Amino acid sequence: MSSETLSPDQNLPEEADAISVAPNWKLVWWRFKKHKLAMISGIIVIFIVIIAAFPGFFSTQDPSESRTRGSFIPPQAIQFWDNGPALFAYAIEGKRNPRTLKMEWITSETKKVPLRLFGRGYEWEVLGLFKTDIHLLALVNPDDPPVHILGTDRLGRDQWSRVLHGTQVSLSIGLLAVFLSTIIGIVLGGISGYFGGWIDMFIQRLIELLQSIPPIPIWLALSASLPRTWSVTQGYIAITAILALITWTGLAREVRGRFLVLREEDFVVAAKLSGCSQLRIVFRHMVPTMSSHIIAAVTLAIPVMIINETFLSFLGLGLRPPAISWGVLLQEAQNLQSVALAPWLMLPGVAVIITVIALNILGDGLRDAADPYH
Amino acid sequence: MLVFILKRLMLLPVLMFVFSIVSFILIQAPPGDFVTSYVAELAASGSSMDQVQIEALRNLYGLDQPAYVQYFKWISRILQGDLGLSLDFQKPISELIGQRLLLTVILGLATLIFTFMVALPIGIISATRQYSFFDYFFTVFNYVGVATPTFMTALILMWFAFSNFGITITGLFSPEFADASWSFAKAVDLAKHIWLPMVILGLDGTARLARILRANLLDELNKPYMEMARAKGMPEWKLVLKYPLRLAINPLVSSLGWYLPLIFSGSLIVATVLNLPTIGPLLLRSLISQDMFLAGTIVLTYFGLAVIGTLLSDILLAWLDPRIRMEEA
């Protein structure tokens, strides 16, 4: 893209000057705005983050509340039209098949369960600060049978609420693991690229060694050796650390490559000649220049982490119930029997796919925008 | 070329030494020694082991000696070809792994061939017809392919086949061949079953490789030598296949270095869902039952497969690209 296309509005004459004085982040932002798909993905990601922050608000039921008489209820559609705008769902009734003794759920077109926006439901905690019982979607009459937008699982737990709560865990584990590996990657990659010589040699060989290890068996073996008696929080931290331990290498390579290029730049030489300390050169002058690259690389690393956590938990070696993550939810759909009986148990996978696609497109857009001078 | 290969081969023992230490650390990782937990497990299930047997096991693995002695005992037995006994299955580990390892390698190679056969044409078409319907279609396919965890693809296909055609598509063999010895009929049966796990495993890699090829090919397509050849009247398809493709394919071959190990270890998850008789599900089971020597041996096997995969891709790359073999030799 040439530099003329950077200007947000060609009609204003002063915009030409705006480009030459605009700070780096502004140039990146102008260029990013041109990428429509990445903008849409960015909005989707913001939505997902809001859900992850307030899963209770969007839920319709306590995610760990089980009802033995309501297992494997299929998804119920929310209706918006009933001779005029309305908000309700058709009631669903269970009948036991006299021959197979299997519960069969039939939607009754005559019985309606009225719903309302911003109604009251179960109590939930806002960011661990205070409690409220306001929900986006709630029953008008609390004695009505609950509505399950994504159906229920083996224990009759509401899957919609569980997927939303899983968003919090899956997304935050991805973020934390990437945060950890970014720090390791920047420190080691920076040392490697800035100092060069035998330090560079040693770190590069270490990275090559780690990259030639197939990660999945190592992850499995490490997480299998975690004590089973650990609490949910301990397991969460341990899994995050295990994921970060092997994945920092890619980022370290990226940072090293940027350092090698920047080291020869005029402004670094100028800083050195004016007597800046090495720490100041690295953190005040070099790191800000490559921050947009780092942000793009980090955005692309998060979806990889999310998928890896899903793998581990799906195989029963990652997070363990009662923790709720997308992988833990998908564990319920591990074999043909349960999938054939209740195909909607695969729906948490759709949450994974949407999130990963959105983050990947966003990351691609950021990477393209990261170099506004080219 | 020979010097290059020899240099790479010399690196092999060093790598395997490091990896064997990593595997051994993993064996040691669970708290408590495994004989104690094994005895406890036996006691819980109602049976027991006499003291002499327990002592013999402790001696064999050197459990009361420091870690490096234990490592030495373990690795020297492995080098002699004695992989030890799986406590969970009560069978020699070599017997458990043997057949499964062969199937893992067959599945991995089949996936690799499938990936290249599909990714090459897709990459070429998307690059030569940039921004066409094909290109957009495969861009979408790429994003979805990378974003869908392999086990989800396996689950969805399994469910689709079951609910629409009433067939179960798990396993690598029909029941009558599962325990039979190798014969022509068994190989045919394998070929009938292997395509599905092959496609599922290869989907993600196909999307990535096609993307890499497209990007590299696009860089080459605008170079002056292309114009030159066109001006001389060379047919377009021959031109693309003969010059830019040969340059653009190098990064693809070097990606084999990470792709082949990824197939081997990635097949673990698909194999668990589809219930395939490869080493993946065995690793999972041994980890869950804390049969750590079996688990450690399988992890070491994965490392071995990864090292061989990298070696093969290095040799292939040197053979394709004279610049690399001159530089390294």
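**Helices, packing and the chain contact**

Modeller: Let us begin with helix α6 of chain B, residues 133-147, in what is a predicted model. Its 15 residues reach 21 Å from the first C-alpha to the last, close to the 21 Å expected at 1.5 Å a residue.

Biologist: How many residues of the side of chain A that touches chain B come from α14(A)?

Modeller: In total, 31 residues of chain A are in contact with 39 residues of chain B. On the side of chain A that touches chain B, α7 (215-224), α11 (291-314), α13 (336-341) and α14 (348-369) each supply at least two residues. The largest share is that of α14(A), namely seven residues.

Biologist: How do the residues on that side of chain A divide into nonpolar, polar and charged?

Modeller: On the side of chain A that touches chain B, no residue is charged and five are polar. The nonpolar residues there number 26.

Biologist: Are α8(A) and α11(A) roughly parallel or roughly antiparallel to each other?

Modeller: Helix α8 (residues 232-263) of chain A packs against α11(A) at an angle of about 155°, with the axes 10 Å apart. Angles over 145 degrees count as roughly antiparallel. The two helices, α8(A) and α11(A), are therefore roughly antiparallel.

Biologist: What is the handedness of that crossing, and how many nonpolar residues has the contact?

Modeller: The crossing of α8(A) past α11(A) is right-handed. Among the residues making the contact are A:L243 and A:L251 of α8(A), and A:A301 and A:M305 of α11(A). By class, the contact of α8(A) with α11(A) has three charged residues, three polar ones and, for the class you asked about, seven nonpolar.

Biologist: Which residue with a positive phi follows α4(B)?

Modeller: Helix α4 of chain B, residues 67-79, has 13 residues and spans 18 Å between its first and last C-alpha, close to the 18 Å expected. After α4(B) comes a residue with a phi near 90°, and that residue is B:G81.

Definitions and conventions. Residues numbered from 1 in each chain as written. Chains lettered and ligands numbered in written order. Predicted model: local features only at pLDDT ≥ 70, side-chain atom pairs only at ≥ 80, totals over all residues. Contact = placed C-beta atoms within 7 Å. Helix = DSSP H or I, 4+ residues; strand = E, 2+ residues; numbered from the N terminus. Nonpolar A, V, L, I, M, F, W, Y, C, P; charged D, E, K, R; others polar. Axes fitted to C-alpha atoms, helices over the stretch in contact; angles between N-to-C directions. Parallel < 35°, antiparallel > 145°, perpendicular 65-115°, else oblique. Left-handed = near helix turned anticlockwise from the far one by under 90°. Expected span 1.5 Å × (residues − 1).
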